[in-house]
Amino acid sequence: VLAEGVHKRFGLNEVLKGIDMTVGRGEVACLLGPSGSGKSTLIKTVNALEPFQKGTITVDGVSAGDPKINLNRLRSRVGMVFQQPLLLKWRTILENVLLPADILGLPRKAAVARAHELLEMVGLTGFADKFPYELSGGMQQRASIARALIHDPKLVLMDEPFGALDNQTRVLVQELLLGIWESARKTV
């Protein structure tokens with residue numbers, strides 16, 4: 001990930017001011033700062049969820065700020081874990097995990113097999129046919145981690161994914177993510 005001179009405004013409020021950042025392949029980088037300092041905004045600009053006014057952001061050779069790009073080209077390289085699980089309440093856990101694969105048009109049979117592997121990896125074996133309201137908050141967040149990994153992205157963006165978790169669940173999910181990172185060496 002390479003960001004150079006990135007600026008983002010919300011009306012008169014300039015949230016990002018000349019941000020420069022390089023994160024190498026397989027590295028884990030943390031953005032630190034007070035609430036409202038633009039951390040979430042920067043993460044969303046990297047995944048082209050938020051436009052920015054000036055500068056460049058490149059992910060694995062694809063520009064996040066180019067209005068002509070096919071967003072699926074960028075999003076196939078990026079997985080996103082939000083502060084809240086953001087699972088669709090009308091889809092089962094398996095269907096929620098499969099959502100990026102469906103959007104990207106990945107082969108269904110292979111995606112379903114991968115989804116079951118990921119659900120096992122995050123400790124949700126046996127919950128594929130449940131709906132989000134049937135799971136605890138920590139279980140929902142683990143499902144959202146599986147969803148972020150379904151399409152084998154090169155980069156996993158995490159926007160305070162542990163913020164809404166209790167301490168015990170936070171430690172469990174942090175250890176789970178560390179294990180995933182150690183085995184797959186994703187850029188986080």
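The structure described is a predicted model.

## Two loop residues with positive phi

In these terms, L86 is found in the loop between strand β5 (78-81) and helix α3 (93-104). Its phi is near 50°, a positive value in a residue other than glycine. L86 has a relative accessible area of 53%; exposed means over 50%, so L86 is exposed.

E160 also has a positive phi, of about 50°, and is not a glycine. This residue lies in the loop between β6 (155-158) and α6 (167-184). With a relative accessible area of 44%, E160 is partly exposed, because that class covers values between the buried limit of 20% and the exposed limit of 50%.

## The sheet

Strands of a sheet pair through backbone hydrogen bonds, and the pairing is either parallel or antiparallel. In this model, 4 strands form an open sheet with antiparallel pairing, and their order is β2-β1-β3-β4. The edges are β2 (13-22) and β4 (62-63), each of which pairs on one side only.

Strand β1 (residues 2-10) and strand β3 (residues 54-59) run antiparallel and are joined by 4 bridges. Along this pairing, E4 stands opposite T56 in β3.

## The helix across the sheet

Which strands does helix α1 lie across? Helix α1, made of residues 39-46, lies across β1, β2 and β3. It runs at about 60° to β2.

## An aromatic pair

A pair of aromatic rings is described by two values, the distance of the centres and the angle of the planes. The structure holds 1 aromatic pair. F131 and Y133 form this pair, with 6.4 Å centre to centre and 15° between the planes. Planes under 30 degrees apart count as stacked, so the pair of F131 and Y133 is stacked.

Are the two residues buried or exposed? F131 has 27% relative accessibility and therefore counts as partly exposed. Y133, at 66% relative accessibility, counts as exposed.

## Charged residues over rings

K8 lies over the face of F10, at 4.5 Å from the ring centre. R185 lies over the face of W181, at 4.0 Å from the ring centre.

How values were computed: Residues are numbered from 1 along each chain as its sequence is written. This is a predicted model: local features need pLDDT of at least 70, side-chain atom pairs count only at pLDDT 80 or more; totals for chains, interfaces and linings use all residues. Side-chain values use heavy atoms; hydrogens and water are left out. Two strands pair if DSSP finds at least two bridges between them. Contact means heavy atoms within 4.5 Å. Axes are lines fitted to C-alpha atoms, for helices over the stretch in contact, and angles run from 0 to 180 degrees between N-to-C directions. Rings of Phe, Tyr and Trp (its six-membered ring) pair if their centres lie within 6.5 Å; planes under 30 degrees apart count as stacked, over 60 as edge-to-face and the rest as tilted. Buried means under 20% relative accessible area, exposed over 50%, partly exposed in between (1.4 Å probe, protein chains only). A charge sits over a ring if NZ of Lys or CZ of Arg is within 6 Å of the ring centre and within 35 degrees of the ring normal.
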